[in-house]
Amino acid sequence: MSKHPIATIEMSSGAKIIIELFPENAPNTCNSFIDLAKRGLYDNREIKRIVPGFVIQPSYSSFDKDPEMEYSIAGEFAASGFEGGLPNEYGSVAMGGDGVTASGSCFYFTMCEEERLKGNYPVFGKVIEGIDELRRIESVPLKPVEHERADVKVNIPVTPEIMVKVSVETFGVDYPPPVKLPPKEEE
């Protein structure tokens, strides 16, 4: 039995957020996160969405529509018929999406016990250190940003909060690149 991969997010504040990943519960979602982290694509990215008491989401737009980050993967969650997913609860790390598929890159930290998140997004990790840093980020001064959907609340920090470096210790296990879904056709 190998150890679970451990992701470390070094923040511009100097603090670290450490996440235990659970590939047995969301294998392709973990592969996607690990692949992007290994390639440095999460490094030096601003946190773009904070909804206190709900979520902290580094991006909700594939990191400003970066082509390397703008892809979808199959939804490893109950609403998509996936069995064995983890509960989405306070301190969980999950991948965003549309409730049918999942983003390949737009992960978030769950800052609540929220019924509407449960079973609709793939949970692939749990914060094991750094919850105090997330609480600090959750409480920074925010400014609202208009979103294309009126039902989605988006606030960004007045002073940027930056993920300086995201690394993953896989303990010698090679995780393959994610299986990506074909791009959606424009309507």
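1. Let's start with contacts (heavy atoms within 4.5 Å). Take the contacts in the protein between residues at least 6 apart in sequence: 70% of them join residues at least 24 apart. Before going on, note that this is a predicted model, where local features need pLDDT of at least 70, side-chain atom pairs count only at pLDDT 80 or more, and totals for chains, interfaces and linings use all residues. Residues are numbered from 1 along each chain as its sequence is written, and side-chain values use heavy atoms, with hydrogens and water left out.

2. Now the overall picture. The protein has three helices and 12 strands; these are DSSP runs numbered from the N terminus, with helices being H or I of at least four residues and strands E of at least two. Its radius of gyration is 15 Å, close to the 16 Å from the globule rule for 187 residues, so the protein is as compact as a globular protein of that length. (That radius is taken over C-alpha atoms, and the rule is 2.2 Å times the number of residues to the power 0.38.) The C-alpha trace spans about 40 × 40 × 30 Å along its principal axes.

3. What about the surface? The accessible surface comes to about 9,400 Å², and 51% of that belongs to carbon and sulfur atoms. Such areas come from the Shrake-Rupley method with a 1.4 Å probe, and for residues only the protein chains shown count as cover. Of the 187 residues, 48% are buried. Here buried means under 20% relative accessible area, exposed means over 50%, and partly exposed is in between (1.4 Å probe, protein chains only).

4. Helix α1 (residues 27–38) is worth a look. At 1.5 Å a residue, its 12 residues should span 16 Å, and its end C-alpha atoms are 16 Å apart, which agrees. (The expected span is 1.5 Å times one less than the number of residues.) The helix is mostly covered, with 10 of its 12 residues buried, including Cys30, Phe33, Ile34 and Leu36. After α1 comes Gly40, which has a positive phi near 75°.

5. Next, strand β7 (residues 92–97). Five of its six residues are buried, so the strand is largely enclosed by the rest of the structure. β7 pairs (DSSP finds at least two bridges between the strands) in the antiparallel sense with strand β9 (residues 123–129) over three bridges, and Ser92 has Lys126 as its bridge partner there. β7 also pairs with strand β8 (residues 101–110), again antiparallel, over four bridges. In that pairing Gly97 stands opposite Ala102. β7 and β8 form a hairpin with three residues between them, and Gly99 in the turn has a positive phi of about 90°.

6. Strand β1 (residues 6–11) pairs with β12 in the antiparallel sense over six bridges, with Glu10 opposite Lys165. Strand β3 (residues 45–46) pairs with β12 over two bridges, also antiparallel; there, Arg45 has Met163 as its bridge partner.

7. Glu161 is buried, at a relative accessible area of 6%. Leaving aside neighbours within four places in sequence, the residues in contact with Glu161 include Met11, Arg45, Arg136 and Val140.

8. On to charges. Side chains of opposite charge can pair when their charged atoms come close. A search of the whole structure finds 10 salt bridges, each being a side-chain nitrogen of Lys or Arg within 4 Å of a carboxyl oxygen of Asp or Glu. One of them joins Lys65 and Glu70 at 3.8 Å, N to O. Lys65 is exposed at 55% relative accessibility, while Glu70 is partly exposed at 39%. Elsewhere, salt bridges link Asp35, Arg39 and Glu68 in a network.

9. Finally, helix α3 (residues 131–138). Arg135 and Asp132 form a salt bridge (3.1 Å, N to O), and being three residues apart in the helix, they are separated by about one helical turn. Arg135 is partly exposed at 40% and Asp132 is exposed at 57%. Arg136 and Glu133 also form a salt bridge, their closest N and O atoms being 2.8 Å apart. Arg136 is partly exposed, with a relative accessible area of 29%, but Glu133 is buried at 7%.
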